[in-house]
Amino acid sequence: MNDSLHHWPFDTVLVANRGEIAARVLRTVQRLGLKGAIVHHAADRDTLGVRMADIAIEITGETPVAAYLDGAQIIAAARQCGAGAIHPGYGFLSENAKFAAAVEAAGLRFIGPTPQQIHAMGDKVRARNAVEKAGFPVAPSAIEDDDPATFVARARAVGAPLLIKPSAGGGGKGMHIVRDLSQLEGEIAHARSEAQRYFGDGRLFAERYVEHPHHIEVQVLGDGQGHVIHVMERECSVQRRFQKIVEETPSPSLTAEKRREICETAAGIAHSIDYRNAGTVEFIFGAGGEFYFLEMNTRLQVEHPISEEITGIDLVEQQLWVAAGEKLALTQADVKPHGHAIECRIYAEDAARNYTPTTGPLLVLQPPAGEHVRWDSGVVEGGAVTAAFDPMIAKLIVWAEDRDATISRMAAALRDTVLLGCKTNIAFLRRLVTSQPFHANEIHTSWLDGHPEVAQEPALPPDTLHALLAAAALSTKPLRDTANAVPDLHAAIGAWRN
Amino acid sequence: MKSTFKLGAAEHAIELSRAAHGYRLHLGDQVIPFEMESCGAHRARLRIAGHTHDLRLITAGDDVFIQLDGEAHALRYVDPLAHFEATARGGAADTIRAPMPGSIVAVAVQEGEAVTRGQALLVMESMKMETTITAPRDGVIATVAYEKGQTFERDALLVALQPAADAEGGAA
């Protein structure tokens, strides 16, 4: 295979991201013998990515997030350190066609799709229309852009339940379910305000909402030279507020036949635009086995590691080869899935308080160890979770021969994870993956939002409470000092009596 | 002397005393003997109620973080003096603190402005959702601590009203 250093048209790759994905990308960049550079805001100085990088360049912004959205500053940093390619990670500028074009105009490689492909798939409406035109299944919908004046009436005609989404959206932001059509106009106004704020673009579309849907997505790889393969599907139905928290592959919802159909549909969609890069085609999967195209993410996905674990394919490595102009070295026959993998997203949040984000220092951080246990994280002990960024602390990924064994291994790994100083969802995740509904694959995308009781913390057994209070009391100086002073006091009283 | 620890929403009043070996936890009318020894950085072995637990434990100010049997817990030592002051002060809502970390989407009032109960003061965003913060009572705005676009942590002071007596005096 193509693995000698002189094949690379660049010797340094700049990572334009932060957190766990920056560290994840750097790991493969450095393993391939390339130099890894990173840009970072001052708030991220004490993170794993900055520690790992061969070159770290500080960037500034009005807010920390703004720094990572400043394309001109990032391209200047790439020039400054002699990087020949930029990896955008996910989020931030990863699906920004203008940034991709600016990177290429600067004579650098964008480790992603062409700007045209980002443009085609970045807008949900355009993407949906293109996919429908190419003959693939999409849900019945009303698109505001087709005729803004009649949007509300057309949305009403699709019928309830309806899902209203921002055209320029992603990541669950600004999505609203309408079950009662009398509330349609109010929900549209609300969704538009959120869309305007998150994406600077208030255009909406409405589509038929599939009740109790499963979210199934397919990993694809293309080289922009006519070759596209799929790297199997992922089941991502465990969500709260439209955000995934547990993902697994293979999907327990699919028969072998349905699996082949959905994976080949995804590869077909990517092939129809001669896609270049790793990407994900997302589908809504209904209880009757029907599935509709949802969107295509033209970047590496948060949950990509589970696909890597069952296939042995390093998706970042494939992204790098393709960006270097190589043809895909893998054929569909090379994708041989084996075993089962689950990912849990560890968040700084209080599940019992409606999953509100928490912040705090990472005073003690000890990831779980063991065979087939993978910990993808960007934080280090002594760091902190702040309100400046997304509250995801780490991704815990485990692999085993079958689903039951994977669930057991995940439960054990969550139990072995030590993270003190900041409230996390670790205990909740452990209860969830060992629960009967998860075991039976009954969890659909809105299940958690409808079962807030699952997130409540069970009452502590008295023995546990006593152990905690005993340990806390002895660790608190005023209490320890008072208790320890008593024998001395007896001695003192004795002396005084004499 | 009794000391209080907060664990979640619950408060537990306890006492700690020495025993011949180790210590005793006093909780209500229960007396529970235990022994605990340190074994390395932030590690301890606790023997209590016939069980031995290997703990991870760290303190930060009044917070005690404990990993026990695969689960993390946070306890807060409530300083007896602070505890007294908080109960004595009562419930006058002069300050509005952040219920969760987030950022400011819009600020609707200025310092010195008179507001009525329920009036929108600012809009914050957290968990990708907007929340409107309203005035808890009639009053005059003393402080607006953040500008649009700024981020804050949980419990941060967002808005302060002038104390009720001052506001009445100003209006008279």
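## Strand pairing at B:Val115

B:Val115 lies opposite B:Gly139 of strand 14 in chain B. In this predicted model, strand 14 covers residues 139-144 of chain B and is joined to strand 11 of chain B by two bridges, the two strands running antiparallel. Strands here are DSSP runs of E of at least two residues, while helices are runs of H or I of at least four residues, both numbered from the N terminus; two strands pair if DSSP finds at least two bridges between them.

Both strands belong to an open sheet of four strands in chain B, with the order 9-16-14-11 and antiparallel pairing. Strand 9 (95-97) and strand 11 (114-115) of chain B each have a single partner strand and stand at the edges, so one side of each has no neighbour in the sheet. Strands of a sheet pair through backbone hydrogen bonds, in either a parallel or an antiparallel manner.

## Basis and confidence of the model

Residues are numbered from 1 along each chain as its sequence is written, and chains are lettered from A and ligands numbered from 1 in the order in which they are written. As this is a predicted model, local features need pLDDT of at least 70 and side-chain atom pairs count only at pLDDT 80 or more, whereas totals for chains, interfaces and linings use all residues; side-chain values use heavy atoms, with hydrogens and water left out.

The model has an ipTM of 0.85 and a pTM of 0.84. Chain A has a mean pLDDT (the predictor's confidence in each residue, from 0 to 100) of 93, with 96% of its residues at 70 or more. Residues 491-498 of chain A have pLDDT below 50, and this stretch makes zero contacts (heavy atoms within 4.5 Å) beyond near neighbours in sequence.

For chain B the mean pLDDT is 84, and 85% of the residues reach 70 or more.

## Architecture of chain B

Chain B contains two helices and 16 strands. Of its 172 residues, 38% are buried, where buried means under 20% relative accessible area, exposed means over 50%, and partly exposed lies in between (1.4 Å probe, protein chains only). Among contacts in chain B with a separation of 6 or more, 37% come from residues 24 or more positions apart.

Strand 8 (residues 71-78) of chain B is joined by four bridges to strand 1 (residues 3-7) of chain B, and the two run antiparallel; in this pairing B:Lys6 stands opposite B:Arg76. Strand 8 of chain B also runs antiparallel to strand 7 (residues 63-68) of chain B, with six bridges between them, and B:Val64 faces B:Leu75 as its opposite residue. Strands 7 and 8 of chain B form a hairpin with two residues between them, and B:Asp69 in the turn has a positive phi of about 50 degrees.

## Domains of chain A

Chain A is divided into domain 1 (12-111), domain 2 (140-208) and domain 3 (214-455), with bounds from an automatic or database domain assignment. The centres of domains 2 and 3 of chain A, taken over C-alpha atoms, are 27 Å apart. Nine residues of domain 2 of chain A contact five residues of domain 3 of chain A. Between these two domains about 510 Å² is buried, 61% of it from carbon and sulfur atoms; buried area is the accessible area (1.4 Å probe) that two parts lose on being put together, summed over both. There are zero salt bridges between domain 2 and domain 3 of chain A, a salt bridge being a side-chain nitrogen of Lys or Arg within 4 Å of a carboxyl oxygen of Asp or Glu.

A:Glu295 is located in strand 14 (residues 291-297) of chain A. Its relative accessibility is 12%, and A:Glu295 therefore counts as buried. Beyond neighbours within four places in sequence, A:Glu295 contacts A:Lys124, A:Gly169, A:Thr280, A:Val281 and A:Glu282.

## Interface of chains A and B

The contact involves 51 residues of chain A and 55 residues of chain B. About 4500 Å² is buried between the chains, with carbon and sulfur atoms giving 68%. Two salt bridges are found across the interface. A:Arg197 and B:Glu125 form a salt bridge in which the closest N and O atoms are 3.3 Å apart.

B:Met36, in strand 4 (residues 30-38) of chain B, counts as partly exposed at 22% relative accessibility.
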